Amino acid sequence: MRTTTRSGRMCLVTGEAVIDVEQASAGRFSADPLAVFEEWDAFRSWAAKVEPAGAHGATGPDGSVSPTPRQVFAIGLNYRGHAEEASLAAPESLSVFTKFATALTGPDTQLRLPSGRVDWEAELVVVMGRRAEHVAAGDAWSYVAGLTAGQDYSEREVQSVGPVPQFSLGKSFPGFAPTGPVLVTADEFADPDDLAIECLVNGESVQKSRTSSMIFPVAELIAGLSAVCPLLPGDLIFTGTPAGVGHARTPQRYLRPGDEVITRIEGIGQLRQTCVAA
Ligand code: ZN
């Protein structure tokens, strides 16, 4: 099953059709995506019976797959190649920060570049479908609503100013957390732990890996995070980026007005940002 949002309203995607959930369910399910994530199992049962032929509405998604989450987690250094390019050892425990929710946006946007050094980080994003507290890794996938593509845009000057890194602030300018174009449930993938992930800047492939290269796979992230914070329906987890960020290149490379960034994940689709001066 696939979902997205349009004008902040929860939508079901069947084939080419984008269906408004509140209208199609005659009010049984709310237009509010968070309310739908709160009763995810019932929603999935209803969605399985929706006839694609009855679809109305043709325009595509324009918002985050979960636009108003209560928590957004992000994981640093979760691919060996990215740890190596940062000249850091592969971590033995989770490195966690947040992207503040005001940074969330949809899949196809203009990215307003603040002054500084803005970098790209293609990431698989997990959306939670049930409250998860002290969940074992073996049970973790049953708490997941689905997967989507995300970008963890990062301004490296704010990130590194001060006595310790400020990942959360440097990665939370408006528009720095696009997700989409759709949320895809795990059953749609042959192996949800092994998806091709790629980032292209102006058509040049700058990051190319598979999510099976994560140091801590999705289930271990949920186990580790939920051991401290209960994870809530609609919460997002940005799961870390593979090697190939601009900051680690020689010479270093950052986004400029006019650049186009495409982020692709197998079985989900792509994000597209066009960079403009702020
Ligand atoms: Zn990241």
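Predicted model: local features only at pLDDT ≥ 70, side-chain atom pairs only at ≥ 80, totals over all residues.

1. Asn202 is partly exposed, because its relative accessibility of 44% falls between the 20% and 50% limits. The residue sits in the loop between β13 (196-201) and β14 (204-210). Its phi is positive, about 50°, although Asn202 is not a glycine.

2. Ser7 is another non-glycine residue with a positive phi, near 50°. Its place is the loop between β1 (2-6) and β2 (9-14). With a relative accessible area of 63%, Ser7 counts as exposed, because the cut-off for that class is over 50%.

3. Two cis peptide bonds deserve a look. One joins Gly180 and Pro181, with omega at about -5°; Pro181 belongs to strand β12 (residues 177-184). Another joins Thr250 and Pro251, also with omega of about -5°. Pro251 is located in the loop between β15 (236-238) and β16 (260-265).

4. Which residues coordinate the zinc ion? The donors are Glu121 (OE), Glu123 (OE) and Asp152 (OD), at 1.9 to 2.1 Å. Their spacing in sequence is E-x1-E-x28-D. Glu121 comes from the loop between β8 (118-119) and β9, and Asp152 from the loop between β10 (144-151) and β11 (154-155), so this pair ties together parts of the chain that are 31 residues apart in sequence. Both Glu121 and Asp152 are buried.

5. Gln159 is part of helix α5 (residues 156-160). Is this residue buried or exposed? Gln159 is buried, because its relative accessibility is 11% and the limit is under 20%. Residues up to four places away in sequence aside, Gln159 touches Ser154, Pro165, Gln166, Phe167, Gly170 and Lys171.

6. The largest nonpolar core has 72 residues. The members that touch the most others are Leu12, Trp40, Phe43, Ile222, Ile237, Leu255 and Ile268. Strand β9 (residues 122-128) gives the most to this core, contributing six residues. Domain 1 (2-47) and domain 2 (72-277) each supply at least three residues to the core.

7. Apart from neighbours within four places in sequence, Ile222 is in contact with Met128, Val135, Ala140, Val144, Leu231 and Ile237. Of these partners, Ile237 is itself listed among the core members that touch the most others.

8. On the overall fold, the protein chain has seven helices and 17 strands. Among contacts with a separation of 6 or more, 74% link residues 24 or more positions apart. Buried residues account for 53% of the 278 in the chain.

9. How do the overall dimensions compare with those of a compact globule? For 278 residues such a globule would have a radius of gyration near 19 Å, and the protein chain has 18 Å, which agrees. The C-alpha trace spans about 55 × 40 × 30 Å along its principal axes. The chain exposes about 11,600 Å², of which carbon and sulfur atoms supply 51%.

Definitions and conventions: Residues numbered from 1 in each chain as written. Heavy atoms only, no water. Core = buried A, V, L, I, M, F, W, Y, C linked by side-chain atoms within 4.5 Å. Buried < 20%, exposed > 50% of the residue type's maximum accessible area, 1.4 Å probe, protein only. Helix = DSSP H or I, 4+ residues; strand = E, 2+ residues; numbered from the N terminus. Domains from an automatic or database assignment. Contact = heavy atoms within 4.5 Å. Rg over C-alpha atoms; globule rule 2.2 N^0.38 Å. Areas by Shrake-Rupley, 256 points an atom, 1.4 Å probe, with all protein chains shown as cover. Donors = N, O, S within 2.8 Å, 3.2 Å for Na, K, Ca; no water.
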